[in-house]
Amino acid sequence: MGVHLTLPEDLPRALAEVFAGRQVVAPLPPDGQEPVLAALRPELPVTEAEAGVLVTTSGSTGDPKAVMLSAAAVLASVAATHARLGGPGDWVCVLPAHHVAGMMTVARAVAAGQRVRFAAPDLSDLPGPRSRSYLSVVGAQLHRATTEPALLARLREYAAVLVGGSAVSPRLLQQVREAGVRLVTTYGMAETCGGCVYDGLALDGVRVGFADGRITLGGPMAFSGYRLDPERTARVLDGDTVLTGDRGQLVDSRLQVTGRVDDVVISGGVNVDLAQAQRVSEAVFGPPEAGGPVLLAVEDERWGHRIVAVSLSERDLAGVTDRLRERLGPAALPRELRRVAALAYTPTGKIDRRALQRAWQQQEEPDGDGR
């Protein structure tokens, strides 16, 4: 069977064909299709009988890959989501439909026979619900709502607003919840049909475990493999269990994601947990979208890595380090601070640390300092 390439406006009809077992669908972005096509290899047939939807992801590695999801896996995820949320409803898609979060927004509506509507990523034309409706957003979109009272009021009209795609500041979550929005935090990835842990609790049929310091997610929503890459598949997929690249723990029976395995860097012989340091920074200064510093680890000949920071706001390095010193060890404190005009984001709304690191390294390297 060949791969049917589809644009967002045609995705609802295409997914209906997938659920009927009549085709394999690969959603494409409206522009910048070359990297996606390189991962999909649509000129080659799909020989895996269980393949239904191919979604591309680069994860945190920057190496594009195509994730094969079966129709059964997508439908299992849809059913578990609606069971947790209290029943089917209409969905509004404000996320890129060629990534799993946007695709699953459309799939939930199609599978349940409900309506799906598309709106702009900046939420400027977010429609008001006419019946029970759901929305899925990322942290940057949620922060935008806090700056626009009318938009925040519109979010209150939804039966639930799912937020995922990156670690969201607890302060931001609290602010939006106190405003009356019914937020549901989600955790998952393309390999698990998107979010499969809601508010720290696994959806029905989903297993949360740990292996080699990493979170594992198992159940009927697991992917079938990476297209044309059995070796990579074998490193991640064991039966219906997916080995993630994330660290975590159970706190009061709820999953708490503590960061990526590769978030831990060595600076001057000291392990620095960049994810933990970022959480501390956001607790003190607020989220990056509000001007809080983004902590980065850049390569350094002397220290291995050194911690630096960028911010949308004009900040003084000494003032930042003074406020963080009581909560972070010396190795985790930023050595330099630069103001940037804009932050880099991945298509799924995460802060693109790799892009920010590249931009930093492309500028003139500053002189090293003592520790």
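How many of the six residues of strand β7 (residues 133-138) are buried? Six of its six residues are buried, and the strand is thus described as mostly covered, where buried means under 20% relative accessible area, exposed means over 50%, and partly exposed lies in between (1.4 Å probe, protein chains only). The structure is a predicted model, in which local features need pLDDT of at least 70 and side-chain atom pairs count only at pLDDT 80 or more, while totals for chains, interfaces and linings use all residues. Residues are numbered from 1 along each chain as its sequence is written, and side-chain values use heavy atoms, with hydrogens and water left out.

- Helices (H or I, at least four residues) and strands (E, at least two) are DSSP runs numbered from the N terminus, and two strands pair if DSSP finds at least two bridges between them.
- In a regular strand the side chains alternate between the two faces of the sheet.
- Both faces of β7 are covered, with S133, L135 and V137 buried on one side and Y134, S136 and V138 buried on the other.
- Strand β5 (residues 90-93) pairs with β7 in the parallel sense over four bridges, and within this pairing C93 has S136 as its bridge partner in β7.
- Strand β8 (residues 160-164) also runs parallel to β7, to which it is joined by five bridges, and Y134 stands opposite A160 in β8.

**Cysteines**

- The count of disulfides comes to zero, a disulfide being a pair of cysteine sulfur atoms within 2.5 Å.
- C93 is buried, with a relative accessible area of 2%, and its sulfur is too far for a bond because the closest cysteine sulfur, in C193, is 16 Å away.
- C193 is likewise buried, at 0% relative accessibility, and its sulfur lies 8.9 Å from the closest cysteine sulfur, in C196, which is too far for a bond.

- Strands β21, β22 and β23 form an open sheet in the order β21-β22-β23, with mixed pairing.
- Because β21 (294-300) and β23 (337-339) stand at the edges with a single partner strand each, one side of each is left without a neighbour in the sheet.
- Neighbouring strands of this sheet are turned by 35° against each other on average, direction ignored, where axes are lines fitted to C-alpha atoms, for helices over the stretch in contact, and angles run from 0 to 180 degrees between N-to-C directions.
- Strand β22 (residues 304-311) and β23 run parallel and are joined by three bridges, with R339 in β23 as the bridge partner of S311.
- Helix α9 (residues 274-285) lies across β21 and β22, running at about 145° to β21.
- Helix α11 (residues 353-362) packs on the sheet and touches β21, β22 and β23, its direction making about 55° with that of β21, where contact means heavy atoms within 4.5 Å.

- V284 is found in helix α9 and counts as buried at 13% relative accessibility.
- Not counting residues up to four places away in sequence, V284 touches R171, R323, L324 and R327.
- G286 has its place in the loop between α9 and β21 and is buried, with a relative accessible area of 1%.
- Leaving aside neighbours within four places in sequence, G286 is in contact with R171, S281 and G292.

**Packing of α3 and α4**

- Two packed helices are described by the angle between their axes and the distance between the axes.
- Helix α3 (residues 71-85) and helix α4 (residues 100-111) pack at an angle of about 80°, with their axes 10 Å apart.
- That angle makes α3 roughly perpendicular to α4, on a scale where under 35 degrees counts as roughly parallel, over 145 as roughly antiparallel, 65 to 115 as roughly perpendicular and the rest as oblique.
- On the α3 side the contact comprises V74, L75, S77, V78, T81 and H82, which meet M104, A107, R108 and A111 in α4.
- The residues of this contact divide into six nonpolar, three polar and one charged, where Ala, Val, Leu, Ile, Met, Phe, Trp, Tyr, Cys and Pro count as nonpolar, Asp, Glu, Lys and Arg as charged, and the others, Gly among them, as polar.
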